[in-house]
Amino acid sequence: MRLMPLAAIASIAFLAACTAPDKSPDAAATPPAEVAAPAAADAGAQPGAASDPAAPPSAKIGADQVGKLSPVPAFKGFGEHWSIDIQSTGEMNHKVDLTWGSGSEKASGTARYNGQPADAPSTLIVLSGELNTKAGAKPMIVEISNKECIDDGDNKHMHSVTVHVEGMDRFDGGCGDLAVY
């Protein structure tokens with residue numbers, strides 16, 4: 001009797017039919033996002049443009065956003081016994097959290113990007129504002145430089161950072177990473 005192999009073959013054929021990929025007309029009509037985005041770019045559309053919400057985000061800001069968006073959407077930096085966390089809050093404004101003294105002291109504040117200083121190199125981003133310390137609000141300047149930095153653990157970072165707060169020691173020699181659009 002050869003019924004046992006025939007039953008096994010029928011079972012395998014049934015399972016193969018159940019697991020076959022879906023070839024419905026709808027699946028074939030809509031190209032995957034990876035295909036749709038280059039096609040839109042070839043047609044002259046800008047990737048990530050508001051007209052195509054399915055397009056992947058672009059790493060550059062549009063010309064209409066220059067002067068309206070800060071070049072610092074987010075930044076995390078640190079030096080010896082201090083760290084800084086910067087988050088954009090909209091337009092040119094930022095929330096700044098500074099920790100120093102090996103974590104024993106913390107203060108928050110705000111900073112604003114006021115454009116590129118005329119006498120500064122193009123690789124320097126300057127944020128100015130104030131830090132709310134225990135002794136009151138103090139003027140603060142954060143300088144983020146687009147130059148490679150190696151931390152104490154031999155990790156490479158793309159930016160260096162220095163923080164100046166009036167009446168406090170300068171926080172310098174810091175490394176960090178700037179988020180990109």
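Let's start with a term. Buried means under 20% relative accessible area, exposed means over 50%, and partly exposed is in between, using a 1.4 Å probe and protein chains only.

Now the model. It is predicted, so local features need pLDDT of at least 70, side-chain atom pairs count only at pLDDT 80 or more, and totals for chains, interfaces and linings use all residues. Residues are numbered from 1 along each chain as its sequence is written, and side-chain values use heavy atoms, with hydrogens and water left out.

First topic: the disulfide. That is a pair of cysteine sulfur atoms within 2.5 Å. How many does the structure hold? One. It joins cysteine 149 to cysteine 175, with 1.8 Å from S to S. Cysteine 149 sits in strand 7 (residues 149-150) and cysteine 175 in strand 10 (residues 171-178). They are 26 residues apart, so the pair links distant parts of the chain. Strands here are DSSP runs of E, at least two residues, numbered from the N terminus. The S-S torsion is about -60°, so this disulfide is left-handed. Are the two cysteines buried or exposed? Both cysteine 149 and cysteine 175 are buried.

Next, salt bridges. Here a side-chain nitrogen of Lys or Arg lies within 4 Å of a carboxyl oxygen of Asp or Glu. The whole structure has five. One of them pairs lysine 76 with aspartate 85, at 3.3 Å from N to O. Lysine 76 is exposed, at 52%.

Another pairs lysine 134 with glutamate 105, at 3.6 Å. Lysine 134 lies in the loop between strands 5 and 6, and glutamate 105 in strand 4, so the bridge ties together parts 29 residues apart in sequence. Lysine 134 is exposed at 76%. Glutamate 105 is partly exposed at 26%.

Conventions
Helix = DSSP H or I, 4+ residues; strand = E, 2+ residues; numbered from the N terminus.
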